[in-house]
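Have the model open as you read.

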Amino acid sequence: MDTRNAVVAVLKEITSADVLKEVNGLLDTLEDDDAVAAAVAASEGIARLEAVRFRALAQLSRHRGGAGSVVQEVALGLSVVDGHAVGLVSTAEALTTRLPCTLGLLDRGKVGGYGAMKVAAATAWLSDDDARAVDAVSEDRLPGRNSEQVRKAANHAAMMADREGAARRAERHRAGRRLSIRHGEAGVASIEVEDGPVEKVAAAYTRIDREARALKTGGEPRTLDQLRADVALDLLLGGQGGSERSEVFLYMDLNTYLGLNDDPAELAGHGHVPAALARHIASGADTVLRRIVTDPLSGQVLDLGRDRYRPTAGLGEFVRVRDRECRRPGCHLVAQACDLDHAVPWQHGGHTADTELIDLCRRDHRLKDEPGWVYRLTSDGTLTITTPTGQSYDSAPPPLHEPRAEEPPF
C-alpha cells in the first residue's frame, strides 16, 4: 500500500461508520454530565482531525508553489465556497510556518479549527518574527476560549507586537468604509455599512437598540430584531429621533491618552483598538472623559469619578462600567444593552449593591432563573456560573490595565 492510500485508510478507520455507530449507540445511556463530557471529547477529536486537514492543505500548497488554483481545488474537494477555501488555505500555511504553538493546541484538542483561523487572520499582517512571538505568548491564553474570545486575545497580542503597524492598518481599513446593498428573494434586501469607524458603528447600534427596546411594550407584536431593523430604517429615512447621541465606553489608560505609551485601548463590545485610534476617538468634540480609579495590582475598577457611588443611578453606572459586557463567559453584548441583575435573586436575600449586581443580556438573565443554574458573585466581581450538570465557569470583569508592580509610598 503506498503512502497516500495508507494515510487515507487510517483516517477512514478512525472515523469509520462502524466505530461511530457503536459510539452513537452508547449515547442513549448517558446522563447529562456524561453527555457534556462526550460532546467535549468529540470536539477535541474534531480539532485533532482539523490539524490533520490543515497539514494536508499546507502540503498541497507547498507542492503547487502557492498557486492561486489551490484555493479552487480545495473549494471543489471539500465542497466549500471560495471565500472559505481561501481562509482554510491561508490558515494551513500560517499554522505550518508561523504559528506552530497554535497548531500544537489543535493537536491537543485545546483549540478548534475555527479558532485557529481567527488567530491566523489576526496575525496575517505581522512579520514572521512578530507572528511567532504572538503565537508563543498566546499558547496559554487560548485554551477554553470561544472563537470571539480567541479573536480578541490574538488581536490584542498582535497590536502589542507591532503597535505602529496596528495604527497604520486601522487607518487603512477605516479609509475603506463603504455602503453596500444585497437583494434577496421574496421582497427583502439588506443594507450594510462595511468597515465603518468602530466608535460610530457601536454608538449607532446602541441608539438603535435603545429605541427598539423602548418600543417593545406589552402590546407590541414585533420582535426585538424586527424593531431594531425598523428603527434603523426609520432613522435612515428621517422618520425617527433627533439629535440624541449614544454612549460608547472606551477604556484607555491615562498614559496612553497623554501619548506617554502606545498600549492598545478597548472599546466595549468590540475589543482592542490601537492607541493612535483610541486617542483620535477620545479627542472628538462630543467626547466626555470620566475618571475611573483602579486597583494598581489587579486593574479592576474601584471607583467611577466620585468618592462614592451609592446613589441608585451611580450604582448602575458603576456596574456597567465595571462589567463592560454581559457577564456570561462568551457573551459580548455591551453592558448598556443588558439587564442589571442580582447574582442572588432579590426574593432569596439578594441586595442592591455593587458586590451583588451584574450585567446580563436578556437571554442570559432568563437562563439564570432556569432550574439547576447557580450564580455566585464574589466581592472582587468574579462571577462563578454552575450549570445543571455541575460544570463551573468563572467570569471576572476585565481589568482596565495589566497588573502593575506595587510602587513604594515615596
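## H3 against H4

On the H3 side, the contact uses Arg53, Leu57, Leu60 and Ser61, and on the H4 side Val70, Val74 and Leu78 (contact means heavy atoms within 4.5 Å). By class, five of these residues are nonpolar, one is polar and one is charged (Ala, Val, Leu, Ile, Met, Phe, Trp, Tyr, Cys and Pro count as nonpolar, Asp, Glu, Lys and Arg as charged, and the others, Gly among them, as polar).

The model is predicted, and local features need pLDDT of at least 70, side-chain atom pairs count only at pLDDT 80 or more, and totals for chains, interfaces and linings use all residues. Residues are numbered from 1 along each chain as its sequence is written, and side-chain values use heavy atoms, with hydrogens and water left out.

The axes of H3 (residues 32–63) and H4 (residues 69–78) come within 10 Å and cross at roughly 140°. H3 is therefore oblique to H4 (under 35 degrees is roughly parallel, over 145 roughly antiparallel, 65 to 115 roughly perpendicular and the rest oblique). Axes are lines fitted to C-alpha atoms, for helices over the stretch in contact, with angles from 0 to 180 degrees between N-to-C directions. Helices are DSSP runs (H or I, at least four residues), numbered from the N terminus.

## H5 meets H3

The axes of H3 and H5 (residues 82–95) come within 8 Å and cross at roughly 90°, so these two helices are roughly perpendicular. Arg53, Phe54, Leu57, Ala58 and Ser61 of H3 touch Leu88, Val89, Thr91, Ala92, Glu93 and Leu95 of H5. This contact has seven nonpolar, two polar and two charged residues.

## H5 meets H4

H4 and H5 have axes that come within 8 Å and cross at roughly 110°, which means H4 is roughly perpendicular to H5. Their crossing is right-handed. Val70, Val71, Gln72, Val74, Ala75 and Leu78 of H4 meet Asp82, Ala85, Val86, Leu88 and Val89 of H5. Nine of the contact residues are nonpolar, one is polar and one is charged.

Methods
A crossing is left-handed if the near helix is turned anticlockwise from the far one by less than a right angle, and right-handed if clockwise.
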